[in-house]
Amino acid sequence: MGATTQILRTDSRYILLDEFKNNCPKISNLIQKSADQLAELRKVKGGKKSYDLMVIGYFNDMYQILKDIYRVLKPQTKALFVLGDSAPYSVHIPTDKLIGEIGVCIGFSDYKIEVLRKRGDKWKDNPQRHNVSLQESIIILEKK
């Protein structure tokens, strides 16, 4: 789930999974608050993009993927992801930190974030661009 063009607002898949909410209450609450904020902003923004549902769908998918990776990964190994954070409608979604925290919720012993580069600097003069500093990172999840 990575584009608003894939979303039907009537689709019931865009509700945070109960299992996700139960296993990762702090993270899922933060995601829900961000989605709620995006839902309100959507009403007043041109294009009325479904960023709120995209965020929920993305993290539901990533929760399930991380669970499966943890299940099949051997002990004393690591899982690596290259991810960028985002700020739709200027609402910062710290994807790297959230993925790390979800990983710990499902059983990984720890995570580390290594910033590869800063993103969005070349668009800073665009008046429609937000002013949130973004980055691309490597997320390293450790399984003991």
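Is Gln76 exposed or buried? Select Gln76: it counts as exposed, because its relative accessibility is 63%. (Buried means under 20% relative accessible area, exposed over 50% and partly exposed in between, using a 1.4 Å probe and protein chains only.)

Before moving on, a word on what you're looking at. This is a predicted model, where local features need pLDDT of at least 70 and side-chain atom pairs count only at pLDDT 80 or more, while totals for chains, interfaces and linings use all residues. Residues are numbered from 1 along each chain as its sequence is written, and side-chain values use heavy atoms, with hydrogens and water left out.

**Stop 1: two loops**

Stay on Gln76, in the loop between α3 and β1. (Helices, H or I with at least four residues, and strands, E with at least two, are DSSP runs numbered from the N terminus.) Gln76 isn't a glycine, yet its phi is positive, about 65°. Most residues other than glycine have a negative phi.

Now jump to Ser90, in the loop between β1 and α4. Ser90 also has a positive phi without being a glycine, near 70°. With a relative accessible area of 42%, Ser90 is partly exposed.

**Stop 2: the core**

Next, select Phe20, Ile31, Phe59, Phe81 and Leu141, the residues with the most contacts inside the largest nonpolar core, which has 33 residues. (A nonpolar core is a set of buried Ala, Val, Leu, Ile, Met, Phe, Trp, Tyr and Cys residues joined through side-chain atoms within 4.5 Å.) Colour α2 (25-42), α3 (51-72), β1 (77-84), α4 (95-106) and β3 (134-143) to see the elements that give two or more residues to this core. The largest share, nine residues, comes from α3.

Zoom in on Phe59. Leaving aside residues up to four places away in sequence, Phe59 touches Phe20, Ile31, Ile93, Thr95, Leu98, Ile99 and Ile102. (Contact means heavy atoms within 4.5 Å.)

**Stop 3: along α3**

How far apart are the end C-alpha atoms of α3? They are 31 Å apart, which agrees with the 32 Å that its 22 residues should span at 1.5 Å a residue. (The expected span is 1.5 Å times one less than the number of residues.)

Pick out the buried residues of α3, among them Tyr51, Leu53, Ile56, Met62 and Leu66. The buried residues of this helix pack against α1 (18-23), α2, β1, α4 and β3.

**Stop 4: helices meeting α4**

Show α3 and α4 together: their axes come within 10 Å and cross at roughly 45°. That makes α3 oblique to α4. (Axes are lines fitted to C-alpha atoms, for helices over the stretch in contact, and angles run from 0 to 180 degrees between N-to-C directions. Under 35 degrees is roughly parallel, over 145 roughly antiparallel, 65 to 115 roughly perpendicular and the rest oblique.) Residues of α3 including Tyr58, Lys67 and Tyr70 meet residues of α4 including Gly103 and Ile106.

Ile27, Leu30 and Ile31 of α2 make the contact with Leu98, Glu101 and Ile102 of α4.

**Last stop: a residue in β3**

Finish on Glu142, in strand β3. Glu142 is buried, with a relative accessible area of 18%. Show what Glu142 touches, not counting residues up to four places away in sequence: Thr77, Lys78, Phe108, Ser109 and Asp110.
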